[in-house]
Amino acid sequence: SRRGGSLGGSESFWVTVTNLGSPLAGDAGRHGGPWSLSTGALLARPLWARQHRPKRGLVSGHWTKPSASSLGQLKFNPTVGHVVINELKDVTFNCSIKVPQLLLRPDSPGISLWKDGRELHTLDRIATSHFEILDEEEVAMTSTFSIRAAQRSDNGSYVCKLNVSGMEIASDPILVQLEGLPHFIQQPEKLNVTKNSPFNLTCQAVGPPEPVEIYWFRNNVQLNAKPYISPSVLTVPGLNETALFSCEAHNSKGLTASSPGQVNVKGIPSAPETVRVLKRMSHSMVISWVPGFDAFSALNSCSVQVKEAVPQSNVSLLLFNTSVPPHVYHIQQLWPMADYNIRVSCKNEVGWSAFSPWITASTTEGAPTTQPLNVTVSLNESGSFLEIHWVKPPLERTHGELQGYHIWHTWQDSKGLQNISSETQPNATVAILPVVATNATCLVRVAAVTKGGVGPFSSPVEVFVPASGKEIPVSNVSLGLITSAPSLTPASGNADSFIVALGFICGTVAVGLILCMSVVIQKRCMETKYGNAFSRNDSELVVNYTAKKSYCRRAVEL
């Protein structure tokens, strides 16, 4: 009795054949004991394993461990060594061995199948059948394996193995080889090449049967009249336009055509598209763009041109280079509240693309870059508040719409330090601050404010407010009371008016001095010519004259 295996891959059965000394059809004398059964006989009368499984390997009620010499004599029966079939055909081979019952344990496994050194546990397309025929001394074990619709993946070396008392017995290898149409290992690949530069294409196919011959085609036109033996390398001197390359593999079974490989010629990329602004700031912008067609050569860098719509400086065109991807760039070094024209060009290994169309974008408001001018602080007569005056910063340096002013005043007295912040309206140039402490020093600073932020503070103005309520600047306490304390930054407009007025006064004085000098010089010249013309006595005016020459004969008394 022995397990019968799988018929059709799913059902198992056990077959019991026992030699009772009665010959079957005269075969007992030829076989010397065990009866020989064909596969057809086994299939004719199956006995299911669940009904009966005889125990084997038992002698006098117990199992005896075999010796090493007896195990070494066990071998699989010779079988076919090389199987050659066509693709998609079935292939069948078997393995058989005779094992003394003394060497088999009751739970010994059956014959297993191995391929290329790996046991085949899951036999998807392999149908198996296992038979055992036993007599009083030996067990004849046969396993048949059938591969359905053999494929190229079934090529390889198969070995049957049996484990007997911990020793593995292997059959001679059975090489399964499928023949069919050529099978491609490497086909012409898609390439991007430089114009008029040489390149190579490879085509490789295998059998069996061998040899495999290769024919090349360009745009469906055969290139070689005589075949090349696979593998074949085609050298193309160069292209100036796109072309399709393919190959055919021939053997004695027929031919197989490869897939076409398109070879593209690299060129100048197309101009970028859809340039847009992602984020605007006072001194910078973030832009993005969609790259144009790369002409079969990857883009590696892009150039961003930025031009002032209304030039505000000597450098009106800015150039920025950036690597790609990503196709995003952060443009810096811009003026606040300014309009800019922007365009982009990209480059591959062949050259630069054309520029994208100009787009116009503007920066946002920024913080002022200059402080209020001519800041002055004065104390009112009652000593209850401080009056602060200043001049607006230049309009072009506010970098946005003026939102107001930020006044920071610090009071320092014997009790400690107080920091106070105040805000004013955009058009204000004066602020009233209540006196927080007397006998204290007040430090005042003013800064302009826009939506872009707070600008720089003016130079600090320090004023001492005594207990009497009169302000005294810290630097002039010993000189007495004053009414105001100017900042160190004069207003540019007032300074110009003062210079003009001073020039006018100086000019007037100079003209007056010149006139006076001319009168004095003229008088002096008359006295030198005619002598002492006038003199003043006590009560009357006397004219004294001395003539150098006389032309009258009679003296005339006056």
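Start by selecting Phe 76, Phe 93, Ile 97, Val 99, Leu 113, Leu 162 and Val 164: of the 30 residues in the largest nonpolar core, these touch the most other members. A nonpolar core here is a set of buried Ala, Val, Leu, Ile, Met, Phe, Trp, Tyr and Cys residues joined through side-chain atoms within 4.5 Å. Buried means under 20% relative accessible area, exposed means over 50%, and partly exposed is in between (1.4 Å probe, protein chains only). In soluble globular proteins, nonpolar side chains tend to be buried together.

Before you click on, a word about the model: it is predicted, so local features need pLDDT of at least 70 and side-chain atom pairs count only at pLDDT 80 or more, while totals for chains, interfaces and linings use all residues. Residues are numbered from 1 along each chain as its sequence is written, and side-chain values use heavy atoms, with hydrogens and water left out.

**Stop 1**

Strands are DSSP runs (E, at least two residues), numbered from the N terminus.

Zoom in on Ile 97. Skip its neighbours within four places in sequence, and you'll find Ile 97 in contact with Lys 75, Phe 76, Asn 77, Ile 111, Val 139, Ala 140, Met 141, Leu 162 and Ile 169. Contact means heavy atoms within 4.5 Å.

Next, pick Ser 96, which is also in strand β4. Ser 96 counts as buried because its relative accessibility is 16%. With neighbours within four places in sequence left aside, the contacts of Ser 96 are Phe 76, Asn 77, Met 141 and Thr 142.

**Stop 1: rings that pair up**

Show the aromatic side chains. Rings of Phe, Tyr and Trp (its six-membered ring) pair if their centres lie within 6.5 Å; planes under 30 degrees apart count as stacked, over 60 as edge-to-face and the rest as tilted. That rule gives 6 aromatic pairs. Select Phe 93 and Phe 145: their ring centres are 5.9 Å apart and their planes are at 35 degrees, so this pair is tilted. Phe 93 sits in strand β4 (residues 91–100) and Phe 145 in strand β8 (residues 138–147), so the pair ties together parts that are 52 residues apart in sequence.

Then jump to Phe 320 and Tyr 329, another tilted pair, 5.7 Å centre to centre with 40 degrees between the planes. Phe 320 is buried, at 10% relative accessibility, and Tyr 329 is buried too, at 18%.

**Stop 2: charges over rings**

**Stop 3: strand β30 and its partners**

Select residues 385–391, which make up strand β30. Its covered face has Leu 386, Ile 388 and Trp 390, while Phe 385, Glu 387, His 389 and Val 391 are on the uncovered one. Strand β29 (residues 373–379) runs antiparallel to β30, joined by 5 bridges; two strands pair if DSSP finds at least two bridges between them. Leu 373 has Val 391 as its bridge partner in β30. In the hairpin of β29 and β30, Gly 383 takes a positive phi near 75 degrees. β30 also pairs with strand β33 (residues 430–434), in the antiparallel sense over 5 bridges, and there Ile 388 stands opposite Ala 431.

**Stop 5**

Most residues other than glycine have a negative phi, and most peptide bonds are trans. Find the loop between β14 (199–206) and β15 (213–218), where Pro 208 lies. A cis peptide bond joins Gly 207 and Pro 208, with omega about 0 degrees, and another cis bond joins Pro 208 and Pro 209, with omega about 5 degrees.

Finish with Thr 274, whose phi is positive, near 50 degrees. Thr 274 lies in strand β22 (residues 273–280) and is exposed, with a relative accessible area of 52%.

Notes. Helices (H or I, at least four residues) and strands (E, at least two) are DSSP runs, numbered from the N terminus.
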